[in-house]
Amino acid sequence: MGRLTVAAAVAAWAIPLAALVASIVPDPYMDEIFHVPQVQCYCRGDFLIWDPMITTPPGLYYISLAYVASLFPGAWVTRIAEAFDALCTTALLRSTNAKNGKRKATAFAILVALYPIHWFFTFLYYTDVASLAAVLAMYLFCLKKQFWVSAAFGAFSILLRQTNVIWMIFFAANGAIAHAQYLYVKDNVCYENSELTDKSNKEASHMDNKTTAPGFTEEIWDAIFKLWNSKCEVLIAFIPFAMVLLVFVAFIVWNGGIVLGAKEAHVVSPHFAQFLYFGLVSAAALLPWHFTPTRASDLFHWCRKNKTYSSFAILVALGLSLVAVHLFSIAHPYLLADNRHYTFYIWRKVIQVHWMMKYSLTPVYVYSWFSIVNILGKSQTRLWVLSFVLSVALALIPAPLVEFRYYTIPLVILVLHSPVISNVKLLALGFLYAAVDFFTLAMFLFRPFQWQHEPGTQRFIW
């Protein structure tokens with residue numbers, strides 16, 4: 001029932017709005033000017049043609065080919081390349097992204113579908129929506145311990161966007177630890193059942209003492225011990241992820257880097273401020289979880305309970321944040337020159353409005369990250385939280401361009417591991433997302449403008 005609810009809710013707005021976008025903006029726009037002609041080459045059967053300006057692998061194009069073929073199977077049966085090519089229109093390709101129990105799962109699924117950046121690119125031919133779907137499928141099958149299927153989705157997610165290899169490693173690493181813990185518990189249960197009752201009780205008591213509220217160091221050693229104890233089983237179970245990783249490393253060596261095309265505009269850079277931006281944007285996007293009096297009070301009491309540690313952590317975080325915004329805050333030429341993106345205005349009107357502003361925001365960055373870590377720590381192990389933070393850093397810091405699209409996958413992971421909030425707060429956030437959604441779509445469709453130095457219609461976009 002929950003799946004039907006989500007499908008009906010998404011279809012109710014996705015189909016008519018996709019038609020509206022296609023009627024007002026029928027031609028490829030922004031990055032679509034690279035993606036659409038490329039997949040149309042594939043539709044003609046020209047699989048050896050590649051636009052050197054495209055930075056991501058062709059995973060989305062394969063999805064589109066399968067999608068068009070499923071809608072018009074006769075095009076494959078008759079093998080008429082011209083007919084199949086005619087079907088690969090901009091509107092139909094865009095609709096690739098608009099395809100379609102539990103109350104929390106249903107509500108969160110609709111919330112993720114309404115998340116403004118994800119929602120907006122549902123109507124354009126970008127890799128983001130398919131990339132998120134592949135990553136979530138990889139995570140789902142990893143949780144179900146169907147590791148070969150999970151690795152297959154991991155490989156496909158990398159075909160959509162190279163940085164998804166980081167999330168594959170994140171899921172695989174935590175999946176390996178969870179699998180090792182499962183095997184350890186199963187083995188000990190079998191062992192205890194074969195022993196005398198008194199010995200069994202002693203062993204159980206020993207295990208309880210060992211696993212009760214471990215510190216971070218103990219947690220790490222516990223994970224290492226259990227992984228080593230089940231090393232053969234874990235290696236066999238997770239070998240498909242290793243195979244995908246090996247192929248990816250070979251690709252990097254062959255390609256001379258992680259980016260496919262336009263390498264000069266996507267040079268790996270130490271953009272540590274990007275890590276801070278993600279914390280603030282994510283906490284703000286999940287407002288009821290992070291920016292409420294109750295949340296601030298909870299963090300204050302948590303800091304008081306761990307006064308020495310929290311004071312030291314806050315001082316270090318503030319110091320590192322100041323260094324990051326002072327030395328590693330990159331203003332990419334696209335960010336400074338392209339007034340079609342909302343980040344252009346945020347950069348000029350907020351971060352650069354005064355020379356002190358970027359420093360004044362550091363306490364908000366630190367608060368946001370402390371809130372994120374604290375909330376994740378309530379449902380996940382410290383090792384899981386640390387690996388998530390490191391994965392966010394690896395995915396975002398090398399990117400010189402500030403793009404909110406890059407934040408979507410880690411933000412959705414945050415949503416999936418956030419505690420349940422009241423229906424009123426959830427509904428209010430849903431309405432806020434919907435308001436932003438329709439505002440940005442209205443700006444895109446109905447507020448076009450012209451550039452004097454370049455012909456054509458320009459539109460506002462995330």
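Student: How many helices and strands does the chain have?
Tutor: In this predicted model, local features need pLDDT of at least 70, side-chain atom pairs count only at pLDDT 80 or more, and totals for chains, interfaces and linings use all residues. Residues are numbered from 1 along each chain as its sequence is written, and side-chain values use heavy atoms, with hydrogens and water left out. Taking helices (H or I, at least four residues) and strands (E, at least two) as DSSP runs numbered from the N terminus, the chain has 26 helices and two strands.

Student: Is Cys 41 buried or exposed?
Tutor: Buried means under 20% relative accessible area, exposed over 50%, and partly exposed in between (1.4 Å probe, protein chains only). Cys 41 has 9% relative accessibility, and therefore counts as buried.

Student: How many disulfides are counted?
Tutor: A disulfide is taken here as a pair of cysteine sulfur atoms within 2.5 Å. By this rule the count is zero disulfides. For Cys 41, which is in no disulfide, the nearest cysteine sulfur belongs to Cys 43, at 9.1 Å.

Student: Which helix gives the most to the nonpolar patch?
Tutor: The patch, of about 330 Å², is made by Ile 169, Leu 245, Val 249 and Val 253. Ile 169 lies in helix 11 (residues 164-193) and is partly exposed, with a relative accessible area of 40%. The helix that gives the most, with three residues, is helix 15 (residues 239-255).

Key:
Patch = residues over 30% accessible without salt bridge, like charges linked within 9 Å, V, L, I, M, F, W, Y side chains within 5 Å. Areas by Shrake-Rupley, 256 points an atom, 1.4 Å probe, with all protein chains shown as cover. Salt bridge = Lys/Arg side-chain N within 4 Å of Asp/Glu carboxyl O.
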